[in-house]
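Please prepare a briefing on the structure shown below.

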Amino acid sequence: IELELREMVKIQRENLDNEDQRKSDTIHRNRMLWLLVHIGCGKKFAPYTEDKNGIILSLMEGADRSFREWIEEDIGSISCSRIFQMAPFLRHSVADVIFFQAWLTKFSAGTQDSLSLVQSLRDRIKVDKPDRFDELTLTKSFLVESLDKICLDLVWFDSLFNVVEKQKLRNFYHYCIKAHSCSNYFQKKLVMVQESTSIVSPIWQEILSSIQNKEKTNLALIEEACEISVTKHVILVSFSVCWT
């Protein structure tokens, strides 16, 4: 499923660079949906072919229902399992099922419904202030972070196809770096989300606040911000030299 999503992103980026020679990503969307409905319905897998599009539609409701039932079985009683020892290299099984349902919902009902679904599940996971030796609390904290990663990817995916969605992406990213200030994943996404270095940007204000307040200092995020600023400065200097 992730491979099909990457192919869609790749095609869209190529389309943005070559508006006159746009490619279709329909085959990858359909393959992804074919995989999702098979996972949800528990059917024996068969390779996707174009004549199966009608079958995809007929299986969507059943797959969605199964995903919801699986999630409801586990969301109220989160267990540590091996996740505490293996995170972030092993995702929690609940996060995987929510990932499946989120993308199925995104392509069947829309991004807003998908975001509402994931965020409502995230809000049901009660997390106290993590203690370094409290495995269950740390597991829940990691799961909440994983669900916010799914939401960020959903919004970012939409922003590639609609420039209007970029503001929604920045707003959600701002929430993420405040809620998960130590997350390397979100720190590394700064350059993807915020190209501008304008001081009026809430994201850059959060970065400056981190610099000024020693208790909030986030060195990894500051490093990402510095890289963006230096890169833009080098481009500007190079342009000035060429111009003169």
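In this predicted model, the side chain of Ser159 makes a polar contact with the backbone oxygen of Trp156 at 2.6 Å; a polar contact is a pair of N or O atoms within 3.5 Å, where within protein one must be able to donate a hydrogen and the other to accept it, and residues adjacent in sequence count only if both atoms are side-chain atoms. Ser159 belongs to helix H7, residues 135-161; helices (H or I, at least four residues) and strands (E, at least two) are DSSP runs, numbered from the N terminus. Local features need pLDDT of at least 70 and side-chain atom pairs count only at pLDDT 80 or more, whereas totals for chains, interfaces and linings use all residues. Residues are numbered from 1 along each chain as its sequence is written, and side-chain values use heavy atoms, with hydrogens and water left out.

**Surroundings of Ser159**

- Ser159 has a relative accessible area of 3% and is therefore buried; buried means under 20% relative accessible area, exposed over 50%, and partly exposed in between, with a 1.4 Å probe and protein chains only.
- When neighbours within four places in sequence are left aside, Ser159 is in contact with Glu165, Lys166 and Leu169, contact meaning heavy atoms within 4.5 Å.

**Packing of H1 with H7**

- Helix H1 (residues 2-17) packs against H7 at an angle of about 30°, and their axes are 9 Å apart; axes are lines fitted to C-alpha atoms, for helices over the stretch in contact, and angles run from 0 to 180 degrees between N-to-C directions.
- H1 and H7 are therefore roughly parallel to each other; angles under 35 degrees count as roughly parallel, over 145 as roughly antiparallel, 65 to 115 as roughly perpendicular and the rest as oblique.
- The crossing of H1 past H7 is left-handed; a crossing is left-handed if the near helix is turned anticlockwise from the far one by less than a right angle, and right-handed if clockwise.
- H1 contributes Leu5, Met8, Val9, Gln12, Arg13 and Leu16 to the contact, and H7 contributes Trp156, Phe157, Leu160 and Phe161.
- By class, the residues of the contact of H1 with H7 are eight nonpolar, one polar and one charged; Ala, Val, Leu, Ile, Met, Phe, Trp, Tyr, Cys and Pro count as nonpolar, Asp, Glu, Lys and Arg as charged, and the others, Gly among them, as polar.

- Asp25 occupies the loop between H1 and helix H2 (26-41), and at 11% relative accessibility Asp25 counts as buried.
- The side chain of Asp25 forms a polar contact with the side chain of Arg29 at 2.9 Å.
- Beyond residues up to four places away in sequence, Asp25 touches Met8, Ile11 and Phe161.
- Asp25 and Met8 are 17 residues apart in sequence, with a C-alpha to C-alpha separation of 5.6 Å.

**Packing of H5 with H6**

- Helix H5 (residues 93-108) and helix H6 (residues 111-123) pack at an angle of about 155°, with 7 Å between their axes.
- That angle makes H5 roughly antiparallel to H6.
- The crossing of H5 past H6 is right-handed.
- On the H5 side, Ile98, Gln101, Ala102, Trp103, Thr105 and Lys106 meet Thr111, Asp113, Ser114, Leu117, Val118 and Leu121 of H6.
- The contact of H5 with H6 comprises six nonpolar, four polar and two charged residues.

- Gln101 lies in H5 and, at 1% relative accessibility, counts as buried.
- Apart from neighbours within four places in sequence, Gln101 is in contact with Asp64, Phe67, Arg68, Ile71 and Leu117.
- Leu115 is part of H6 and, at 5% relative accessibility, counts as buried.
- With neighbours within four places in sequence set aside, Leu115 is in contact with Cys151, Leu154 and Val155.
- Leu115 and Leu154 are 39 residues apart in sequence and 7.6 Å apart in space, C-alpha to C-alpha.

**Ile78, in the loop between H3 and H4**

- Ile78 is placed in the loop between helix H3 (53-75) and helix H4 (83-86), and its relative accessible area of 11% makes Ile78 buried.
- Not counting residues up to four places away in sequence, Ile78 touches His92, Val94, Leu136, Thr139, Lys140 and Leu143.
- The C-alpha atoms of Ile78 and Val94 are separated by 8.4 Å, the two residues being 16 residues apart along the chain.

**The chain as a whole**

- The chain has twelve helices and zero strands.
- Of the 244 residues in the chain, 41% are buried.
- Among contacts between residues at least 6 apart in sequence, 59% join residues at least 24 apart.
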